[in-house]
Amino acid sequence: MAQATITRQKDLFDLSADEEPPGCTVNEADEPPSLRLLRNREKFFSNVRDEDWNDWKWQFRNRISSIEDLTKLTPLSLRDQVNMTLVTNKYPISITPYYFCLINHDDPADPVRRQAMPAIEETALTGILSEDPLEEERDSVVPGLVHRYPDRVLMVVTDICPMLCRHCTRKREWRHGRWVRKPEEIDRMIAYIRDNAAIRDVIVSGGDPLTLSTRQLECILKKLRQIEHVEIIRIGSRVPVVMPQRIDDELCNMLEKYAPIWLNTHFNTVRELTDEARTACDRILRHGIPVNNQSVLLAGVNDSVQAQTALCHGLLRAKVRPYYLFQADEVEGTEHLRTTVEKGLRIIEGLRGHTSGLGIPTYVIDLPGGGGKVPLQTSYLVSRSDGHFVFKNYKGKIYHYHNPKGVQAETGRNGKSKVNNLQMALPEMVAV
Ligand code: SF4
């Protein structure tokens with residue numbers, strides 16, 4: 001029953017308070033991603049045979065990995081060349097030919113370009129950002145194995161990625177050269193997992209673990225599957241986005257043998273959902289591997305309701321679940337790509353009610369200092385007393401709800417009613 005309309009703190013909830021940032025407007029008339037890919041391939045790689053283009057090893061070998069490579073493909077001003085060289089001395093460049101062809105090269109603010117091309121802002125020192133804000137190295141129990149939550153571990157098996165994303169949390173690793181964990185290092189990780197019966201969930205990540213050969217990856221999965229208490233294995237990979245050619249039948253057939261395996265990938269904009277990327281996701285799904293998406297909220301890439309709606313709807317059409325939307329970590333060299341928490345909350349509020357819950361990712365912040373992930377959400381609870389709740393809906397209208405009669409209010413450990421605690425925690429911004 002609607003009774004009143006809530007007035008809310010304007011700056012937090014008013015979606016019209018922000019203009020769409022450049023690059024975030026998803027225009028219906030935009031060129032479909034696969035068409036742009038085709039045109040750019042024709043323009044930049046017309047001499048490449050289909051069998052090479054569709055071979056992930058060709059894509060990997062032919063990454064654009066220097067400013068010299070870049071200038072051979074696209075003209076850069078002297079200033080850009082100097083700036084980019086300066087940046088890549090600290091944070092190298094790597095772009096697959098495939099991903100390079102997703103860029104709108106006529107638009108300096110293109111959201112795909114912002115994720116791939118070095119920007120001089122990466123060299124800015126803020127004094128507050130850190131190389132390892134999540135303190136993964138502190139939480140490493142043996143080299144490459146992060147054990148933060150009781151039942152889960154993260155295996156960092158390589159630092160190699162087909163593309164170096166400018167917003168990467170593990171940017172610090174880029175300057176250490178290219179490495180893959182040696183068999184004896186993998187064995188130490190496996191031994192730790194085997195000795196800790198509480199671990200039921202193992203995340204195999206990197207870098208990108210799908211840059212390993214299928215045989216190398218199988219070696220790791222086989223050892224994990226021999227541990228009885230390991231229930232699920234998750235693979236974190238951006239390969240479906242930046243090098244979908246890697247998702248071939250050989251890889252999928254191998255992964256299927258070690259089920260249950262889940263794949264978490266990382267699309268940030270609907271522009272990355274090409275036919276090739278969608279086919280790669282479909283192929284994985286057909287082998288019984290659920291695919292979830294973990295995007296990062298990035299300035300000028302996807303920090304608008306419109307951009308997130310287009311991304312989430314595109315993911316659902318591709319049968320990929322929008323799982324997490326991460327607030328960008330406090331990583332040195334990424335300040336220009338970070339957005340405010342308030343903006344993230346406004347975006348989630350703009351999605352809620354306007355699309356199905358299946359299409360709304362959980363907005364989370366990974367707390368600096370190794371505090372772990374916490375979900376962020378504006379409150380829909382206005383007040384509560386004696387089993388009577390007052391909520392606002394997505395339109396700001398007020399509704400009442402009553403607990404079942406005869407059920408006593410829950411009490412906390414100190415014997416006090418949790419009702420009072422909850423009332424104290426009610427959001428200040430709500431006034432009826
Ligand atoms: S794929 Fe992931 S780990 Fe690799 S550079 Fe991109 S964000 Fe970083």
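Contact here means that the two C-beta atoms, placed from the backbone, lie within 7 Å. Before I go on, a word on what we're looking at. This is a predicted model, where local features need pLDDT of at least 70, side-chain atom pairs count only at pLDDT 80 or more, and totals for chains, interfaces and linings use all residues. Residues are numbered from 1 along each chain as its sequence is written.

Back to V153. Which residues touch the most other members of the largest nonpolar core? They are Y99, V153, M155, M163 and V202, in a core of 71 residues. A nonpolar core is a set of buried Ala, Val, Leu, Ile, Met, Phe, Trp, Tyr and Cys residues joined through C-beta atoms within 7 Å. Helix α14, residues 305-317, gives the most to this core, with five residues. The core also draws at least three residues from each of domain 2 (21-123) and domain 3 (140-375), and those bounds come from an automatic or database domain assignment. Apart from that one lies another core, of 13 residues, including V296, A299, F326 and L351. As a general point, nonpolar side chains tend to be buried together in soluble globular proteins.

Now zoom out. Buried residues make up 36% of the 432 residues in the chain. For burial, we count other C-beta atoms within 10 Å of a residue's own, placed from the backbone: 20 or more is buried, 12 or fewer is exposed, and in between is partly exposed. The chain has 16 helices and 13 strands; these are DSSP runs numbered from the N terminus, with helices being H or I of at least four residues and strands E of at least two. Of the contacts with a separation of 6 or more, 79% are between residues 24 or more positions apart.

Strands pair if DSSP finds at least two bridges between them.

Follow the pairs along. β6 (residues 261-265) and β7 (residues 291-297) are parallel, with three bridges, and L263 stands opposite V291 in β7. Three bridges also join β8 (residues 321-327) to β9 (residues 362-367), again in the parallel sense; there, Y324 faces T362. Between β8 and β9 comes helix α15 (residues 341-351), and together they make a right-handed β-α-β unit. Right-handed means that, with the strands pointing away from you, the path from the first strand over the helix to the second runs clockwise. Then β9 meets β10 (residues 372-375) antiparallel, over four bridges, with V364 partnered by P375. That pair is a hairpin with four residues between the strands, and G369 in the turn has a positive phi of about 85°.

Most residues other than glycine have a negative phi, and most peptide bonds are trans. Here, the peptide bond from G206 to G207 is cis, with omega near 20°, and G207 sits in the loop between β4 (201-205) and α10 (214-225). Another cis bond joins A259 and P260, with omega about 0°; P260 is in the loop between α12 (249-256) and β6.

For positive phi, look at K319, near 65°, in the loop between α14 and β8. K319 has 14 C-beta neighbours inside 10 Å, so it counts as partly exposed. D386 is at about 45°, in the loop between β11 (381-385) and β12 (388-392). With 9 other C-beta atoms within 10 Å, D386 is exposed.
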